[in-house]
Amino acid sequence: MHCSKSSMRRLITTLQLGMAASLSAQRAQLLDKLKAIPAGASISQEFALRAEGKGSPHRASLKRVFDEEKPTRVTFYRDSAAWCPYCQKLWMLLEEKQINYDVQLINMRSYGEKPQSFTSKVPGGFLPALELDGQMWTESLDIMAMLDDTFPEIPTLPPRDSDEFQRARSLLQLERKLFRTWCDYVFRGGWGSKRQFESCLDEVDKALAKTSGPWFLESQGPGIVDLQYVSHVERMAASVAYWKGDTLRGGRWKNLDAWFEAFEQRPSYSASRSDWYTHANDIPPQYGNGVDDGSKEQQTIRRALDGGDAAWRLPLPPLASSDAPSDVLQPGWGAFEEDAPYEAAYHVLENLENVARFAARGAGKEGGWSFMRPDRARLADPYAKPAEGVVLEKVQEALLVVGACLVGNCDTSIDVSSLKALDENMRNDIRASLAYVRDRVGVPRDMSYPAARCLRGALNWLRDELA
């Protein structure tokens, strides 16, 4: 039977529409199943609240309303990757002070171009930026101090004429000293740099010992001094492990341990905190590559943080009993673990088409974003071209399998025979796409660390099945 080109196109279109309808039905069934689980229903309800500016803090919230009787005077411009340490501390301050605010997401330079609508307001393109009553502010500490004066109901700085304020100034200077010694140790690795960094940490730990609570100053919650420290000390902890094989927590700095543990009880920190894999990939474009220690300990930690060994393999051991360095060395995530597979499933299934198109970049073409540009993130390419057509459909089908695995609490007994029956080239395209999205999962941009851990494990499980 002869079939014209136009008839063939109609046939292909019909088949594609049929496939799309089938995938859409499967997605709907999985979402219904997910939302029938108490944890899944809770996650769905939280996202509905976030759309109204309520609920718990989250990277996806584009507005926050703490008091409906008060106008929203603040627009907060922060990085779309949810990684910038200066944005993190300002984000936390807005949450701790419960100031109504709207959010505009702007790329950091290493992740893509900044829109002209932003650079026309902030000529240097600096982040974070904050607009209060139509006036634009930059420089995170200046913004934080200004907000403390403008919204004094929940203070985060002592009175300017007090001894405590002078202590706060000294502590901020100590933080800059700590930052310098960290840079010397991790990124230059000169003689004596480790001793100087650890000596400065001793000073920080002693400063924390001078108060009755966990914070740097006598207060009920974290103040500007604590916020100034935490975003950088979090990155220090990840970087000295990744490049030096050292650990900041669980050792000689007991007061620093207690300080971190207090932060981990704050929703503002839980929402903005990153994992060490994200840090290890996002630090180099901002600060440069660290200098490897080369020790066995450092290489073991690096493999684990890069997803090697059993770190991203199902079945995942509970965080409390895991011996993977990626789990042992970044405590404080236990509260998220029970719901982790459902959190990951929600993000995959609710945004399936976009996630599939994004993943299909792995089988598509690079856009050259980071070629010969160490200041641009390797895993961020705004110009990458995803694969289209049947490959894209099969990637979407594969992600549905991943979603089903997660909805089943990381169930690996799911039938994947239809995907395994595909020819080798198609399976390789799917595997490349799954690896692409696995390596691009960012915390907290996409989900919490326990959820990212489950998703990475599920993606690796399916990749292994298709090998």
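Which elements cover the buried residues of α9? The cover includes α3 (85-97), α7 (193-208), α8 and α10 (267-272). The legends below describe close-up views of a predicted model.

**View 1. Helix α9 and its cover.** Helix α9 spans residues 254-263. Its buried residues are L256, D257, W259, F260, A262 and F263. Helices α3, α7, α8 and α10 are among the elements that cover these residues.

**View 2. The largest nonpolar core.** This core holds 81 residues. L147, Y229 and W259 touch the most other members. Helix α8, residues 224-244, gives the most to this core, with 13 residues. A second, separate core has 54 residues. Y346, M426, M447 and L459 are included in the second core.

**View 3. Strands β2, β4 and β5.** Strand β4 covers residues 129-132, and strand β5 covers residues 135-138. The two pair in the antiparallel sense over four bridges. Strand β2, residues 74-79, also pairs with β4 in the antiparallel sense, over four bridges. E131 of β4 stands opposite T75. On the β5 side, the bridge partner of E131 is M136.

**View 4. The β4 and β5 hairpin.** Two residues lie between the strands of this hairpin. D133 takes a positive phi there, near 50°. L132 has Q135 of β5 as its bridge partner. Along β4, A129 and E131 point one way. L130 and L132 point the other way. All four of these β4 residues, A129, L130, E131 and L132, are buried.

**View 5. The largest pocket.** About 810 Å³ of space lies in this pocket. Its lining has 28 residues, and the closest to its centre are R59, F358, R440, R445 and D446. Four helices each supply at least two lining residues: α15 (340-350), α16 (352-359), α19 (424-440) and α20 (449-465). The largest share comes from α15, with four residues. By class, the lining divides into 16 nonpolar, five polar and seven charged residues.

**View 6. A340 in helix α15.** Where does A340 lie? It lies in helix α15. Why does A340 count as buried? Its relative accessibility is 1%, and buried means under 20%. A340 touches P450, A451 and C454, not counting residues up to four places away in sequence. The C-alpha atoms of A340 and A452 are separated by 7.9 Å. Along the chain, A340 and A452 are 112 residues apart.

**View 7. The largest cavity.** The count of cavities of 30 Å³ or more comes to six. About 150 Å³ of space lies in the largest cavity. Its lining is made up of 15 residues. T278, D282, R440, G442 and R445 lie nearest its centre. Helices α11 (276-287) and α19 are the elements that give two or more residues to this lining. The most comes from α11, with four residues. How do the residues that line the largest cavity divide by class? Eight are nonpolar, three are polar and four are charged.

View 8. Which residues line it? E234, A237, R249, F260, Y269, R273, W276, L329 and Q330 do. By class, five of these are nonpolar, one is polar and three are charged. One of the lining residues, F260, is also a buried residue of helix α9.

Methods: Residues are numbered from 1 along each chain as its sequence is written. This is a predicted model: local features need pLDDT of at least 70, side-chain atom pairs count only at pLDDT 80 or more; totals for chains, interfaces and linings use all residues. Side-chain values use heavy atoms; hydrogens and water are left out. On a 1 Å grid over the protein atoms alone, a cavity is a set of points where a 1.4 Å probe fits but cannot get out, and a pocket is an open set with protein on both sides within 12 Å along at least five of seven lines; lining residues have an atom within 4 Å of a point. Grid points are joined across faces, edges and corners, and a volume is the space filled by probe spheres set on the points. Ala, Val, Leu, Ile, Met, Phe, Trp, Tyr, Cys and Pro count as nonpolar, Asp, Glu, Lys and Arg as charged, and the others, Gly among them, as polar. Buried means under 20% relative accessible area, exposed over 50%, partly exposed in between (1.4 Å probe, protein chains only). Contact means heavy atoms within 4.5 Å. Two strands pair if DSSP finds at least two bridges between them. A nonpolar core is a set of buried Ala, Val, Leu, Ile, Met, Phe, Trp, Tyr and Cys residues joined through side-chain atoms within 4.5 Å.
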